[in-house]
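Work through the exercises below with the sequence and the structure open beside you, and try each task before reading its solution.

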Amino acid sequence: MTISLIKKTFGFVLLSMSTLQIQAQDIIAHQAASDKQMKDISTIKTHKILNNANLNNPATNVYSNWDNASVNSVAGVVPSNFKIDLRGFCMPTPSRVVTSKFGYRWHRQHQGLDIKVYVGDTIRAAFDGKIRVVKYDGNGYGHYVVIRHPNGLETLYGHMSRTLVNPDQIVKAGQVIGLGGNTGRSTGSHLHFETRLAGKAIDPTLLFDFPNQDIVSDYYIYRGEKIQKEARTSASALASVANDQNNLERALETAEKKASTNSRRNTSSRKVAQSKAKSYKVKKGDTLYSIAKKSGMSVKELCKKNGIKQTAKIKPGQTLKC
Ligand SMILES: [Zn+2]
């Protein structure tokens with residue numbers, strides 16, 4: 001592939017390479033990520049040709065609607081077993097600093113990943129796609145953008161100072177969609193980044209490795225929680241995703257199978273651990289909040305489990321289910 005072609009089609013890669021020259025102190029790590037993005041160019045090209053036709057109606061296999069209302073206005077069923085092609089990605093920001101993880105925090109679920117960016121920093125589309133939502137939510141995401149991608153994912157970029165795209169616009173991976181900011185429910189400028197499948201938030205660190213500026217692997221196979229809990233056999237679970245494998249994909253799935261077996265082992269050992277610690281004897285100084293926190297659940301869940309109100313008084317010596 002000639003430099004001019006690369007320049008024309010993948011300007012963003014060259015951009016990250018020039019950053020690489022400037023930031024000499026970090027050159028090895030940068031090189032690794034750029035190599036990966038460069039190496040993927042030929043596959044991206046094929047992939048792009050295949051997907052261009054789908055950009056106007058991305059991922060109709062997952063979504064049954066298209067509207068510009070909000071991130072949650074998604075119609076579609078979360079697939080229980082779904083292979084997401086992550087090739088053709090672009091990191092939304094060159095920042096490597098994750099300031100808050102996905103998961104439970106401050107009594108609520110944090111549906112995304114917070115990445116340190118400064119006001120005015122360039123924010124880019126993670127994949128090719130079609131802009132679904134461009135909105136301002138003063139009590140939440142601030143200025144935010146949701147993009148639907150042909151690989152089935154929707155990505156969300158929140159707290160931006162400005163958005164630079166319009167609803168229904170087609171974007172390419174790496175295209176600038178907005179500028180970093182501190183709008184909405186945010187303390188300190190950062191990018192709130194979400195990855196969703198049919199509305200269900202997936203931990204972005206399972207897909208993107210911000211510290212290394214890379215994807216975690218070429219594919220991510222989403223398995224519904226139900227499947228993990230039910231210990232369905234790997235063979236049948238894999239059979240439903242194995243429609244179009246070549247040898248490479250088969251190798252990937254074998255690796256995935258091993259990982260899934262391990263994860264089920266972990267799940268069952270966690271189940272044993274949980275059943276051992278089913279009840280909790282209230283100690284002096286305990287509150288519903290402190291017990292809920294220790295048990296990894298919300299106060300609401302704890303109260304529901306014990307059939308008590310959130311305002312209920314608890315006494316030392318009392319036993320709670322958790
Ligand atoms: Zn956040």
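This is a predicted model: local features need pLDDT of at least 70, side-chain atom pairs count only at pLDDT 80 or more; totals for chains, interfaces and linings use all residues.

Residues are numbered from 1 along each chain as its sequence is written.

**Exercise 1.** Describe the chain as a whole.

Begin with the secondary structure, which comes to 9 helices and 19 strands; these are DSSP runs, helices (H or I) of at least four residues and strands (E) of at least two, numbered from the N terminus. Next, consider burial: 29% of the 322 residues are buried, that is, 20 or more other C-beta atoms, placed from the backbone, lie within 10 Å of their own.

**Exercise 2.** Determine whether Gly142 is buried or exposed, and find what it touches.

First locate Gly142 in strand E8, residues 142-148. Then count: Gly142 is buried because it has 21 C-beta neighbours inside 10 Å. Finally, leaving out residues up to four places away in sequence, Gly142 touches residues including Tyr136, His159 and Ser186, where contact requires C-beta atoms, placed from the backbone, within 7 Å. The C-alpha atoms of Gly142 and Ser186 are 8.1 Å apart, although 44 residues separate them along the chain.

**Exercise 3.** Examine the largest nonpolar core.

A nonpolar core is a set of buried Ala, Val, Leu, Ile, Met, Phe, Trp, Tyr and Cys residues joined through C-beta atoms within 7 Å. Of the 43 residues in the largest one, those touching the most other members are Phe89, Ala125, Tyr144, Val145, Val146 and Tyr157. Among the elements giving two or more residues to this core are E8 and strand E9 (153-160).

Notes:
A residue is buried if 20 or more other C-beta atoms lie within 10 Å of its own, exposed if 12 or fewer, and partly exposed in between; C-beta atoms are placed from the backbone. Two residues are in contact if their C-beta atoms, placed from the backbone, lie within 7 Å.
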